[in-house]
Structure formats: structure tokens, C-alpha cells
Amino acid sequence: MEQTSKPLILALDNGGHPMGWLPWQDAVRLYAREEIVWVLGKPAVVIRGGTNRLTGLRSELAMHTIVAVRGADSRRRRITAPGLTNRALFQRDHQHCMYCGDRFPISLLTRDHVKPRSLGGGDSWKNVVTACRACNTRKGNQTPEQARMPLLAVPYVPSHAEYLILANRRILADQMEFLRMHVPRKRRHLL
Ligand SMILES: [Zn+2]
């Protein structure tokens, strides 16, 4: 279907904080209910509606790629940590093994628990890193200290904006630029 290939719309709260991705159908509904209070960027997604019986013209709605939604306020924003998936983890670490530093295709990467689960380490953002199979096997059920394999970077919980970047494979340039401004400054260069 042609329509499923349209990019997702970035929804903001009234204060301009990124909230999440909307399928364009949801954004159309918000437009129709006049719940979109302001927009950013250029209209990039054109939605074609039905044909007007009198004029014979097809209606068109030019959808902006970044929209602020009425009534959505930051208190309703998810403040829990973003879901930990291998895909998001490997993206956080830019597909680099955090032990040898090499970059690998996703199929050759694994989720390593810095403090092994057998030693009580949790399955959480701050205790997992991307590791190649060789390093993960070599490390085994040991801590980095025990294995003498120092970590190249300290694992962290991605911010909400970083998570939104990780969660969408087809971010448009203006959406990316907007989200980057909401990423902690020290990590912006990584994106
Ligand atoms: Zn490695």
C-alpha cells in the first residue's frame, strides 16, 4: 500500500517537547478535530482525500512533519525508561562492540550484561552494552574487571528524544534536527 510508506509525524506537546511518533492517519484525525495547535518544518506529506462532487477536485491536505498537539502536556509524557530491545541497544552503541571497539553488522552483535546475570546483574540500559560474539564469549560469566576487558564507554539510559531517534528508521531531516536539540549536549555528536 502506498500510504503505509509515508513517514511518521513527530508529535510535540504544547511546550514543544517531543512526545512520540504518529502514523499519518492519526495526524489527519487531529487536523480534522483542530487539535493541532502549531506546526514546524515544511509540509512534506501530502494526503489526498476524496473528490468533491461539485468541483471535481480532489481534496489535499499538506501534512507538516512536526506538529504540536492541543491538550498534550509534558506531564503526560512517558517518563519511564524507553524499552530495551536489541535493535535500540545496538543503535545506542552505533553497532560498535564496547570491548574491542570494532563495528559489526547487527547479525553479529549480542547483548552483553556488564555485570553478568549470574552475578545478579540486571537487564537494564545501564547494565547492558553491545558486544561482538567473540568478545561476549571471551568475557563469559565475568565482570569486565575479572575478564580484564575494560568497557570503552559507560552504558546509559537514552533520553526520550534519543529513544525517539532510535525507534524510527525513517526520520526526516527536519525531524532529526529538532530531536537533536533535545538530546543531552555531550551526546549530540554521536547522532
Ligand atoms: Zn568485540
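Which residues of helix H6 (residues 173-180) are buried?

## Helix H6

In this helix the buried residues are Gln175, Phe178 and Leu179; buried means that 20 or more other C-beta atoms, placed from the backbone, lie within 10 Å of the residue's own. Viewed down the axis of H6, the buried residues fall within an arc of 95°, so they line one face of the helix. The arc is taken over the directions from the helix axis to the C-beta atoms. Helices (H or I, at least four residues) and strands (E, at least two) are DSSP runs, numbered from the N terminus.

The cover over these buried residues includes helix H5 (160-167) and strands S1 (9-12), S2 (18-22), S3 (36-51) and S4 (58-69).

## Model and domains

This is a predicted model, in which local features need pLDDT of at least 70 and side-chain atom pairs count only at pLDDT 80 or more, while totals for chains, interfaces and linings use all residues. Residues are numbered from 1 along each chain as its sequence is written.

An automatic or database assignment divides the chain into domain 1 (2-79 + 160-188) and domain 2 (86-147). Their centres, taken over C-alpha atoms, are 34 Å apart.

## Nonpolar cores

A nonpolar core is a set of buried Ala, Val, Leu, Ile, Met, Phe, Trp, Tyr and Cys residues joined through C-beta atoms within 7 Å. The largest has 18 residues, and those touching the most other members are Ile9, Leu10, Ala11, Leu12, Ile66, Val67 and Ile165. At least two residues come from each of S1, S4, H5 and H6, and S4 gives the most, five.

A second, separate core has eleven residues, among them Cys97, Tyr99, Val129 and Ala131.

Key
Buried ≥ 20, exposed ≤ 12 C-beta atoms within 10 Å, placed from the backbone. Contact = placed C-beta atoms within 7 Å.
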